[in-house]
Amino acid sequence: FKSEYNKQSLPLLLHQFYVDRVDQLQMSKHMHQLRWVRFSGNDTIAEGLLPTYLNKIEQVVSELNDSIERAQRLSVARDNALSNSPSPLLIVSKDDLIIYIRSLVSELAAAKRIGLFLKILKWIHL
């Protein structure tokens with residue numbers, strides 16, 4: 001039995017996670033901008049919410065830039081995998097792992113809640 005998480009695979013898993021995260025954050029930024037354009041038709045309300053919108057966009061862009069930097073740093077693992085050479089575990093930082101584990105835990109918690117919700121719906125006769 002070979003574990004999915006080992007010294008050779010961990011840098012690759014983290015690289016893929018951050019590449020996927022970059023895509024998610026780019027889509028989030030784009031969707032926020034589209035919603036703002038649609039919402040900002042009412043100028044009086046939009047003026048009051050503009051600082052909130054700009055703060056949210058700043059947070060998304062900050063996280064996007066962080067994920068891009070991490071994906072670029074971890075791309076060494078992908079290059080090593082393509083050349084059949086081992087990936088050094090030194091390229092993985094503690095923060096990389098913390099962010100990845102938090103994401104996994106939140107995904108599992110969400111899946112558990114959805115499962116419980118579906119179980120309840122199963123017993124409700126509509």
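Where is asparagine 84 found? Asparagine 84 sits in the loop between helix 2 and helix 3, and we will come back to it below. Please keep in mind that this is a predicted model.

**Helix 1 with helix 2**

- Helix 1 and helix 2 (residues 43-82) have axes that come within 7 Å and cross at roughly 160 degrees.
- Angles over 145 degrees count as roughly antiparallel, so helix 1 is roughly antiparallel to helix 2.
- The contact between this pair draws on 23 nonpolar, seven polar and six charged residues.
- As for handedness, helix 1 and helix 2 make a left-handed crossing.

**Helix 1 with helix 3**

- Helix 1 (residues 10-39) packs against helix 3 (residues 94-123) at an angle of about 65 degrees, and their axes are 11 Å apart.
- That angle makes helix 1 roughly perpendicular to helix 3, because the range for this description runs from 65 to 115 degrees.
- The crossing of helix 1 and helix 3 is left-handed.
- On the helix 1 side, the contact involves Leu10, Leu13, Leu14, Phe17 and Tyr18; on the helix 3 side, their partners are Asp95, Asp96, Leu97, Ile99, Tyr100 and Ser103.
- Sorted by class, the residues of this contact are eight nonpolar, one polar and two charged.

**Inside helix 2**

- Helix 2 has a kink of about 50 degrees at leucine 49, shortly before proline 51.
- The buried residues of helix 2 include Ala46, Tyr53, Ile57, Val60, Leu64 and Ser67.
- Arg70, Ala71, Leu74, Ser75, Ala77 and Asn80 are also among the buried residues of helix 2.
- What do these buried residues pack against? Their neighbours are helix 1 and helix 3.

- Just after helix 2 comes asparagine 84, with a positive phi of about 55 degrees.
- This is a positive phi value in a residue other than glycine.
- Is asparagine 84 buried or exposed? Its relative accessibility is 73%, and the cut-off for exposed is over 50%, so asparagine 84 counts as exposed.

Terms used. Residues are numbered from 1 along each chain as its sequence is written. This is a predicted model: local features need pLDDT of at least 70, side-chain atom pairs count only at pLDDT 80 or more; totals for chains, interfaces and linings use all residues. Side-chain values use heavy atoms; hydrogens and water are left out. Axes are lines fitted to C-alpha atoms, for helices over the stretch in contact, and angles run from 0 to 180 degrees between N-to-C directions. Helices (H or I, at least four residues) and strands (E, at least two) are DSSP runs, numbered from the N terminus. Angles under 35 degrees count as roughly parallel, over 145 as roughly antiparallel, 65 to 115 as roughly perpendicular and the rest as oblique. A crossing is left-handed if the near helix is turned anticlockwise from the far one by less than a right angle, and right-handed if clockwise. Contact means heavy atoms within 4.5 Å. Ala, Val, Leu, Ile, Met, Phe, Trp, Tyr, Cys and Pro count as nonpolar, Asp, Glu, Lys and Arg as charged, and the others, Gly among them, as polar. The bend at a residue is the angle between axes fitted to the seven residues ending there and the seven starting there. Buried means under 20% relative accessible area, exposed over 50%, partly exposed in between (1.4 Å probe, protein chains only).
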